[in-house]
Amino acid sequence: MTDTPSPAQLDVREAGPRKRSRISWIWLVPIAALGVILSVAWSTYQDRGILIEIEFENGSGISKETPLKYRDITVGLVEKVSFADNLEVVLVHVRVDKDIAPYLDDDAIFWVVRPDVTLRGVSGLDTVLSGAYIAGKWDTEADVDQREFIGLEDPPLLATNDAGSEIVLRAPTGASLAQGAPILHKGLQVGFLDEPVLDPNGNGVIVSAFIEEQYARLVTTNTRFWDTSGFSVSVGASGLALNVDSIASLIEGGIAFDTVVSGGEPLGQGPRVDTFDLFDSEQAARESLFESPDRNTMTVGILFDETVNGLRQGSAVKYQGVNVGEVSAINAIVVEENGNNRVRLRTTLGLSPSRLGISDDTTDEDAMQIFASFVAQGMRARLVTGNILTGALEVELVDVENADLMFLDPLREPFPIIPTTESLVSDVSATAEGVLDRINNLPIEELMQGAVDLMASIEALATDGDLKAAPLELRTILADISTIIASDGIQGAPDTLQTSLEGIQEVVAEIATIVASATEADLVGTLSDTLNTANDTVATIGTASEALPDIIAELQALASKANALEVEALLAQTNQTLANIDAILVDETTTAIPATVTAALDEIRGLVTDVREGGAVENLTAALEDTSTAAQAISESVETLPELAARATNLVAQLEAATANLPQITAQIEQLTIKANSVEIDDLVAQATQTLDTIDGILLTEGANELPAALTGALDELNVFLATVREGGAVENVNAALAAAAQAATSIDTAARGLPGLSTETSRLVNTINAVAGAYGEQSRFSNDTAATLRDIQAAADAVTSLARTIQRNPSSLLTGR
Amino acid sequence: MAGTGHTAGLITAREAGLVACRRCGQVQEQDVVSCPRCHATLHSRAPDSLQKVWAWLVAGLVMFIPANVYPMLITDQLGSHSESTILGGVVDLMHHHAYGIATIVFVASIIIPVGKFMAIAYLAISVQRKWVLNMHQRHKLFDAVEFIGRWSMIDVFVVAILSALVQLDSLASINPGIAAISFALSVVFTMLSAQSFDPRLIWDADRADAT
């Protein structure tokens, strides 16, 4: 065992003292682990979201872990879905990210996004696989925190949080509007519609619309929107055109807009959402450009009595040719009139106050009040023909002058009624035919010929020598009249009268002497016989004198006859009558009267002488009585002399009247001229022609042509008459008569100086003769009338000259009526 | 004998003044510090063995909490996002009537880790209290814990494989959650805890009891 292997060198150390109580470093490991875990837990707790609660009608598609998305980014998860206490709603508890939660305030809205397939495309396709999710929308301002919300059943219009402008459109019907329908501008979609809803009155539809932000500036307050849904077919000169905007708008509807007039305010300036009217067509939209878009129309009604066939919904309402509204409805209503119910047709108008001149600022009530004042001033509604070919009617508002006062009750329900006036509906065919007929029947040729003839006649008249001679003739007449007045006969009349009076005075004085002597002579008995004889004589004189009234009556008849005669005839007859009077006055019978008286007086004188010589005084008293009677008879006969003078006066007056006819003729000429002047061509043209023809005829008649000549002739005759008067006429006849009376008086003076009563009667005669002379003294009036007549003739001549000149200068005025 | 733990007539290496190298099995005298053959440090008993066991065990337990609270898998499938914890996954599987898979997942992810915690704690306590009963069973238990420890990572492997395979962008993707890391750490700590345990301590109680 010598080679026993020795053990290897061993590393042998004394074991150190055991430190049993030593804590190993290994405990750091669990401590570190714990620390890490705690930190993780803490951070998890810190990052934990905030629980919110959303109410939904139903929880379709919502379950635990359903995400809540904002701008398509998940910002929370549904933690629990439960019911509310009364099972009415579903409560969805969502754990929302901590940094999002502060933004959830009262403007936050939530809805469930599910797959949606529409004509414009498919939305929410991702939810087909991933399931529905809750989408939320809220603004970017953290206001008051809120933890409980009510979810929407349908996605809101601006679901995608697009920036843009919201507007409100007002349409009469929502038939062509659908939610999501596009808003097009020049064919490109720039927005879309929300769901249409009825307006609060039920009169129309309002729909919110969204315009994308980059296009919002295209919309101003002057923008007009119109409906482009469906398609339109238009037939024009270029043929048939079919307009379809887009397939989507064809089926789903769509609206377009345009801003033609600049100057509108951009959107969003006012406190409320901008509101626009939606028009049926682009044309209607463009026609409304001058109207404020967000202006309510004024609704009024009309009860027409006549048929409204041809009037339809949408027919225009015009005021003086300007479109101020349209017919919005025509329907039958029951109206109570006088206790009876009647069916009336009520036409409802929608009027635009701004087109009636009522300011946009006016409230609806005030606008209606102003409109009521229009009606009180005479505004009425009537039917007029809008299109004569189709017979379509329109309503026209007219201001009727002197209309019966009627009022419009602004508060009448459902709306006020405008009073109506007579309609102006014309039948096309009748009117057109009538117009053509009338044009066809216009006698243009005759009219022209008549005008030419008229001018020729007027020219002939104006250049007629006789007409030119008329003033000269008149002057001659006046000179003659002047001569008459200045003639010796007239001038000598007072002297003659004086002589006559003196003669009569002498006669009276002599009569007085005779009476005195008779009384003294006491020859009454003789005188009685003598007076008896004288009585017979006087009776004879009375008989002779009785013939005078007959003559006077005849004169009167003649005068009235002359009065009734034409001028020429009158003048001639008057002339003749005067000649007759002249003849009568120079008649022997008349002239013989004084002679007879003279003879009788001579006899009386002889008798008186006999009495004086014979002394039959006892009979004197009776004789005187008889003489008195005889004197009275003479007086009576003499009394007729004033009547004669009166007749003569009358005759002169009739002469005056005859002369006065001249102004009438002149006046008639004047009237004729005026009538010719005032003929209006607007009256029937045929009548104008006829008038011209008549004028022409009048002017062409011999009477008219001879008028100057006739005037001249008449004046000539008047001249002659006056000359006759002057030469052997009435004045000298009267003078002669007075001279004869003077002779008679002288004879009576010689024969019966003792009859004083006679002088009184003679005095009356003289007074009457004085009156006759006075009548002639009114020559100034006669000359005035003559001067007036002359002036009238001058005026007539001037008028005719003016007319002639006018027509000569402007022949067409006959046609145009100027 | 086995029931009482007393092993009469046997002496231990320590009693014989020897120490065995745990690496190569070379027996040396007790005072030798390192193995002359493999140069491993020689200890008659592993130093601070129980402290290490407890420390690792506590760390494993701590990590086991988030492993069950936090999601293991984060699945994004066509926009739908789901996170599932271990127990949640088991419940889901059961709702889908996949009882077998549910059982496997439940056993591998819940039963085995919890059993390991309990086993290690039992061994450590028994050594500290110098229990003499069932020494052989305890040693077998220790062997079982050591053996099964490596298979505890199945869950983590599944998550790792799924995460690697299912990355189809938006269509579907699976990512590990916090729980996966926690669970892996928990398993690692538990294995370290089991490794720190010196099974010779089990038998020391018998010798001490004998002396």
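**Note on a predicted two-chain model**

1. In chain B, residues 174-192 form a span that is 79% helix and 16% strand, with end C-alpha atoms lying 30 Å apart. The span is one of those that UniProt, in an unreviewed entry, lists as "transmembrane region"; the others in chain B are residues 53-74, 98-127 and 148-168. The model under discussion is predicted. For residues 53-74 of chain B, the end C-alpha atoms are 33 Å apart, and the span is 77% helix and 9% strand.

2. Chain A carries the UniProt annotation "transmembrane region" as well, over residues 25-45, again from an unreviewed entry. In the model this stretch of chain A is 86% helix and 0% strand, and 31 Å separate its end C-alpha atoms.

3. Overall content of the chains. Chain A comprises 818 residues, of which 28% are buried, and contains 21 helices and 26 strands. Of the contacts in chain A between residues at least 6 apart in sequence, 76% join residues at least 24 apart. Chain B has 211 residues, 31% of them counted as buried, with 7 helices and 5 strands. Read from the N terminus, the elements of chain B follow the order β-β-α-β-β-α-α-α-α-β-α-α. The corresponding share of contacts in chain B that join residues at least 24 apart, among those between residues at least 6 apart, is 63%.

4. Interface. Contacts between the chains involve 23 residues of chain B and 20 residues of chain A. On the chain B side, the elements that give two or more residues are β2 (27-29), α1 and β4 (80-84). Helix α1(B) provides the largest share of that side, 10 residues.

5. Nonpolar cores. The largest nonpolar core holds 41 residues, and B:A59, B:M63 and B:I120 have the most contacts inside it. At least two residues each are supplied by α1 (28-47) of chain A and, in chain B, by α1 (49-69), α2 (86-95), α3 (99-128), α4 (135-149), α5 and α6 (178-196). The largest share, 12 residues, comes from α1(B). Which residues does B:A59 contact, leaving aside its neighbours within four places in sequence? They are A:V29, A:P30 and A:A33 of chain A, together with B:F189 of chain B. A second, separate core of 25 residues includes A:A171, A:A181, A:F192 and A:F276.

6. Packing of α1(B) against α3(B). The axes of these two helices come within 10 Å and cross at roughly 155°. Angles over 145 degrees count as roughly antiparallel, and α1(B) and α3(B) are therefore roughly antiparallel to each other. Their crossing is left-handed. From α1(B) the contact involves B:L50, B:V53, B:W54, B:L57, B:G60, B:L61 and B:F64; from α3(B) it involves B:P113, B:F117, B:I120, B:A121, B:A124, B:V127 and B:Q128. One of these residues, B:I120, is also among those with the most contacts inside the largest core.

7. Packing of α4(B) against α6(B). Here the axes come within 10 Å and cross at roughly 145°, and the crossing is left-handed. The residues that meet are B:V145, B:E146 and B:G149 in α4(B) and B:T190, B:M191 and B:A194 in α6(B).

8. An aspartate in helix α5 of chain B. B:D155 lies in α5, which spans residues 154-165. Is B:D155 buried or exposed? B:D155 counts as buried because it has 24 C-beta neighbours inside 10 Å, the threshold being 20 or more. Beyond its neighbours within four places in sequence, B:D155 is in contact with B:A108, B:S109 and B:F183. B:D155 and B:I86, 69 residues apart in sequence, have C-alpha atoms 9.3 Å apart.

9. Positive phi values. Most residues other than glycine have a negative phi. A:L87, which is not a glycine, has a positive phi of about 60°. A:L87 is located in the loop between β3 (73-83) and β4 (90-96) of chain A, and counts as exposed because it has 7 C-beta neighbours inside 10 Å. B:H97 likewise has a positive phi, near 65°. B:H97 is found in the loop between α2 and α3 of chain B and is exposed, with 8 other C-beta atoms within 10 Å.

Technical notes. Residues are numbered from 1 along each chain as its sequence is written. Chains are lettered from A and ligands numbered from 1 in the order in which they are written. This is a predicted model: local features need pLDDT of at least 70, side-chain atom pairs count only at pLDDT 80 or more; totals for chains, interfaces and linings use all residues. Helices (H or I, at least four residues) and strands (E, at least two) are DSSP runs, numbered from the N terminus. A residue is buried if 20 or more other C-beta atoms lie within 10 Å of its own, exposed if 12 or fewer, and partly exposed in between; C-beta atoms are placed from the backbone. Two residues are in contact if their C-beta atoms, placed from the backbone, lie within 7 Å. A nonpolar core is a set of buried Ala, Val, Leu, Ile, Met, Phe, Trp, Tyr and Cys residues joined through C-beta atoms within 7 Å. UniProt positions are given in the numbering used here, feature names are shortened, and annotations may be inferred rather than shown by experiment. Axes are lines fitted to C-alpha atoms, for helices over the stretch in contact, and angles run from 0 to 180 degrees between N-to-C directions. Angles under 35 degrees count as roughly parallel, over 145 as roughly antiparallel, 65 to 115 as roughly perpendicular and the rest as oblique. A crossing is left-handed if the near helix is turned anticlockwise from the far one by less than a right angle, and right-handed if clockwise.
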